[in-house]
Amino acid sequence: MKLTRRDLIKLSAGAGAISLSTGWSSMLAANPALIKTTIPSTGQQVPAVGIGTVKFRGDPSSAEMAPFRETLKKFYSLGGRLLDTSPNYGNSEEVLGHLLADLEIRDKVFMATKVDREDQAEGIKRMEGSFRRLGGEIDLMQVHNLRGTDVELETMQAWKKEGRIKYIGITTHRVSQHDEIERFMKKYPLDFIQVNYSMADRAAANRLLPLAQDKGVAVLVNRPFGKGELFNAVKGVKLPGWAAEIDAQSWGQVFLKYIISHPAATIPIPGTSKPHHAEDNVGAMIGRLPDERLREDMAGFIAKLL
């Protein structure tokens, strides 16, 4: 039988754990002390888990938007703030702009998006379109998958000086681009990088995360569940005893707590389009985090299952 993430959440809770359908939401709503990550370049703090919105697509006025709206509503009501999108994600920017305005929270979220054009004029047009579609301020503009990095960062640095955007960064989801990410981190005064990192894919921890620490660069983490490999690996596996040591109620929270406990300023942005997933993800920002010894034990436990 194939288990969904919802099944794993229920199974992981086990005896005595807090049920997502009963007390978990109340606990989250009543707990203002969510774990936050400090953005090194400014000292601004943001809740330590965000949302990736690659699946937020479709007719903004249609009924199919209901799950997306409820996901954003749940995420925000429990304390989540950071949203990551891109004009490459279909009409995700348009959908987000519409839903956030409808929920009346557009100016209360931390908005990150991207640009991917080789030509500077085309890049400017692309970014102007993002402002229009998202209907408000953009906190972080990123060069998507390093396409046109030099020309786009020239514009982005100028816009940052003008106050049009607060932060600038670069992204990849491929280990093959990590060398380039490192080179651009050494060349430009970046506020953020976005890279792939999880217990199933730890390559970024070799050089990129330590370099981010040294240079004071925050890290958005995509693919925090390893494209699904991690959930597949733990099918039928009960949460180990050490999960209680970090107040993890589900495998998803285990995976996220591993990331946000890294000493670099890491913020996982799991693709999230269902309310109960948003709820579970926000739960990773409550309670204790693993120390370095436990992080090693966690990684070793998962490595045996992969």
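**Overall features and selected residues of the predicted chain**

The chain contains 13 helices and ten strands, these being DSSP runs numbered from the N terminus (helices: H or I, at least four residues; strands: E, at least two). The model is predicted, and local features need pLDDT of at least 70, side-chain atom pairs count only at pLDDT 80 or more, and totals for chains, interfaces and linings use all residues. Residues are numbered from 1 along each chain as its sequence is written, and side-chain values use heavy atoms, with hydrogens and water left out.

Of the 306 residues in the chain, 55% are buried (under 20% relative accessible area, with exposed over 50% and partly exposed in between; 1.4 Å probe, protein chains only).

Glu 93 belongs to helix H4, which spans residues 92–103. Because its relative accessible area is 1%, Glu 93 counts as buried. Leaving aside neighbours within four places in sequence, the residues in contact with Glu 93 are Thr 85, Ser 86, Pro 87, Thr 113, Ser 130, Arg 133 and Leu 134 (contact: heavy atoms within 4.5 Å).

Most residues other than glycine have a negative phi. Asp 247 is partly exposed, because its relative accessibility is 27%.
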